Amino acid sequence: MKITKETIGVGFIGAGDISVLHAAAVKKCPGAKLVGLWNRNQERATQRATEFGCKNYKTPAELVADPAIDAVFVLTNLESHLEYTQLALNAGKHVLVEKPVGVSVAEIEQMRDLAAKKDLVCLPGHNYVYEASMMRTRDLVQNGDLGKIVSAYVMYNIHHPEEVAKRYPGVVRQILTHHSYILLYLVGKPVELCAMKATLHYKEYTEEDIAMVQMRLHNGALAHFCASFAADDHAADPWTVMVKVIGTAGSTRYSYRDHVEIKPGLVHSQTYTAYQGSVMNEVRHFLVDSLRMGQPPLSSLDDAITAQKMIEAAEKSIAEKSVVKL
Ligand SMILES: NC(=O)c1ccc[n+]([C@@H]2O[C@H](COP(=O)([O-])OP(=O)(O)OC[C@H]3O[C@@H](n4cnc5c(N)ncnc54)[C@H](O)[C@@H]3O)[C@@H](O)[C@H]2O)c1
């Protein structure tokens, strides 16, 4: 069901850090408007509603019942994504739900099945696949232009202070979810993996601040993930966020370091322009390509389910010190 009205109305459930990037993205998106938000903490809700120039709803039920809202962005903590996604879908609204989409495979399956039943779009917040460089890499891989793929890497080294990290699960869930859907998009599903994690700089928070995963892909190639909140990489050509695919006939890279602004980002020591850029591309894809033009997402809830299976396999591998088949 394509949206034809002049302005697509958007509502945010949750107005934490990531809502700032989504608000900037909606503002830049043609034919879309942020109508209002709801946030559990009223002080934050009032502050953000003033900042964004939108309504402040008293309850999430009031927000999803507003006929001016066509699409709801679920931007709360992971544990409440299912509740608010169901609330919005049951009210007949399309949904963009931030990553990690759900706490378990079963939660994401429930979202997928409900969206299908209601004939509504429910897009996972897989922002990085909407970057032009990622799309070009996927085309090159699919056309065989890189030859036989031998390896793929997704590296992330961005220091996060302990008080920020405490709001999230450890980096396995919080960050390796990005790595998982990126790998699926670029080269497909791994067949087996092994993982390790460590806590190197947190004082009180007990979750990991660094994790690595080794994988074997379906064609026999190998892949590697690193996700670290423990330290920034300051060296030349740093691996701040770096994605590489190497084949026998060519290779590609995507790097956060292609565009850097010397001012603090939301929680980063510098502003990596690609972060905001990827959210802008994702929001535009959701509101314009998907809701107006009916195009399928580049990464779906089925991909979110596979990404969640990869995360759970990494957790199993860490717990058992084993290689886990997918
Ligand atoms: N795509 C990305 O690159 C990216 C980056 C950062 C965060 N995220 C995701 O966005 C989501 C929010 O992250 P954030 O950085 O904005 O976090 P945050 O802590 O700044 O904000 C989370 C918001 O959720 C609210 N909240 C917490 N528990 C709640 C509950 N039980 N019910 C209702 N509201 C509740 C809090 O009041 C807060 O306003 C998370 O799922 C996170 O993984 C995605």
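How many bridges join strand E11 to E12, and in which sense do the two strands run? Point 3 gives the answer.

1. Basis. This is a predicted model, in which local features need pLDDT of at least 70 and side-chain atom pairs count only at pLDDT 80 or more, while totals for chains, interfaces and linings use all residues. Residues are numbered from 1 along each chain as its sequence is written.

2. Overall form. The chain has 11 helices and 15 strands, taken as DSSP runs numbered from the N terminus (helices: H or I, at least four residues; strands: E, at least two). The radius of gyration of the chain is 19 Å, close to the 20 Å from the globule rule for 326 residues, so the chain is as compact as a globular protein of that length. That radius is taken over C-alpha atoms, and the rule is 2.2 Å times the number of residues to the power 0.38. The C-alpha trace spans about 50 × 45 × 40 Å along its principal axes. Of the 326 residues, 47% count as buried; buried requires 20 or more other C-beta atoms within 10 Å of the residue's own, with C-beta atoms placed from the backbone. Among contacts (C-beta atoms, placed from the backbone, within 7 Å) with a separation of 6 or more, 69% join residues 24 or more positions apart.

3. Sheet, E12 side. Seven strands form an open sheet of mixed pairing, in the order E12-E11-E7-E10-E9-E8-E15; strands pair if DSSP finds at least two bridges between them. Its edge strands, E12 (250-255) and E15 (324-325), each pair on one side only. Strand E11 (residues 241-247) is joined to E12 by six bridges, and the two run antiparallel. Ile-246 has Ser-251 in E12 as its bridge partner. Helix H6 (residues 132-143) packs on the sheet and touches E7 (149-157), E11 and E12, its direction making about 165° with that of E12. Such axes are lines fitted to C-alpha atoms, for helices over the stretch in contact, and angles run from 0 to 180 degrees between N-to-C directions.

4. E7 and E10 (residues 222-228) pair in the parallel sense over seven bridges, with Asn-157 opposite Ser-228. E9 and E10 are antiparallel over seven bridges; Met-212 is partnered with Cys-226 in E10. Their hairpin has four residues between the strands, and Gly-220 takes a positive phi near 95° there. E8 (residues 190-198) and E9 (residues 210-217) are antiparallel over eight bridges. E8 is also joined to E15 by two bridges, again antiparallel, and Glu-192 stands opposite Lys-325.

5. Helix H11. Ala-314 lies in H11 (residues 301-320). It counts as buried because it has 26 C-beta neighbours inside 10 Å. Beyond its neighbours within four places in sequence, Ala-314 is in contact with Val-172, Leu-176, Leu-193, Ala-195 and Val-213. Of these, Leu-193 has Met-215 in E9 as its bridge partner.

6. Helix H1. In H1 (residues 17-28), Ser-19, Leu-21, His-22, Ala-23, Ala-25 and Val-26 are buried. The buried residues of H1 pack against strands E1 (8-13), E2 (32-38) and E4 (71-74), and against helices H2 (42-52) and H10 (273-290).

7. Ligand shell. The ligand is surrounded by 20 residues, the closest being Gly-16, Asp-17, Ile-18, Thr-76 and Glu-98; the criterion is a C-beta atom, placed from the backbone, within 6 Å of the molecule. The shell divides into four nonpolar, 10 polar and six charged residues. Here Ala, Val, Leu, Ile, Met, Phe, Trp, Tyr, Cys and Pro count as nonpolar, Asp, Glu, Lys and Arg as charged, and the others, Gly among them, as polar.

Technical notes
A residue is buried if 20 or more other C-beta atoms lie within 10 Å of its own, exposed if 12 or fewer, and partly exposed in between; C-beta atoms are placed from the backbone. Two residues are in contact if their C-beta atoms, placed from the backbone, lie within 7 Å.
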